[in-house]
Amino acid sequence: MEYTSDRLADLQGFFADLVRCETRLYNALNDRLRERHGIVTSQFEFLRFLREHPGARVADLAAEFAIGAGATSKGVDRLEKQGWVARQANPADRRSSLLALTDDGSQLLDAAEATFTAGLSELVEGTLDQSTTAAAALALRRLRSALERDQVGTPTG
């Protein structure tokens with residue numbers, strides 16, 4: 001595909017808008033979660049993933065969020081220290097642990113999810129109507145799927 005200056009500007013604008021929107025949404029939700037529940041958005045996302053994927057490993061979290069295993073392990077260490085996540089021996093692989101939400105982690109997640117959902121709804125629905133949100137979600141889902149399928153942007157460490 002040939003890139004004209006207009007097409008290139010459109011793609012660069014798309015990238016800038018996508019990244020700036022993500023950053024602003026992430027930061028706004030981060031502030032609300034920290035203020036109301038004492039957690040940050042990345043911790044919320046880890047907890048939510050673990051609820052939806054019981055018995056996940058650090059490597060599973062790292063793959064889902066496209067971050068390095070070391071950073072993921074440190075994030076899990078912090079959740080474990082707070083008593084929100086427990087590591088359990090992995091019977092299939094002694095080198096890894098299976099992760100589980102504790103009762104405290106589950107209760108925290110339930111409360112934080114209400115804050116997160118209300119905040120996200122306020123920030124998005126105040127600007128975009130339902131059909132625009134659905135179209136944007138579909139477009140991003142397709143892009144994400146292609147990037148993940150081709151392992152684009154996957155950390156090597």
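Which residue forms a salt bridge with glutamate 113, and how far apart are the closest N and O atoms?

Modeller: Happy to! A word on the basis: this is a predicted model, where local features need pLDDT of at least 70, side-chain atom pairs count only at pLDDT 80 or more, and totals for chains, interfaces and linings use all residues. Residues are numbered from 1 along each chain as its sequence is written, and side-chain values use heavy atoms, with hydrogens and water left out.

The partner of glutamate 113 is arginine 51, and their closest N and O atoms are 2.9 Å apart. This pair links distant parts of the chain: glutamate 113 belongs to helix H5 (residues 103-125) and arginine 51 to helix H2 (residues 41-52), 62 residues apart. Helices here are DSSP runs of H or I with at least four residues, strands are runs of E with at least two, and both are numbered from the N terminus. By salt bridge I mean a side-chain nitrogen of Lys or Arg within 4 Å of a carboxyl oxygen of Asp or Glu. In general, side chains of opposite charge can pair when their charged atoms come close.

How open are the two partners? Glutamate 113 has a relative accessible area of 22%, so it counts as partly exposed. Arginine 51 is partly exposed as well, because its relative accessibility is 31%. For these classes, buried means under 20% relative accessible area, exposed over 50%, and partly exposed in between, with a 1.4 Å probe and protein chains only.

The structure holds 12 salt bridges, so let me set two others beside this pair. Glutamate 80 and arginine 87 meet through their side chains at 3.0 Å, N to O. Glutamate 80 is partly exposed at 33% relative accessibility, and arginine 87 is partly exposed at 27%. Arginine 149 pairs with aspartate 150, with 3.1 Å between the closest N and O atoms. There arginine 149 is exposed, with a relative accessible area of 60%, while aspartate 150 is partly exposed at 46%. Returning to your pair, salt bridges that share partners join Arg51, Asp110 and Glu113 into one network.

Of its 157 residues, 24% count as buried. Its C-alpha trace spans about 55 × 35 × 20 Å along the principal axes.
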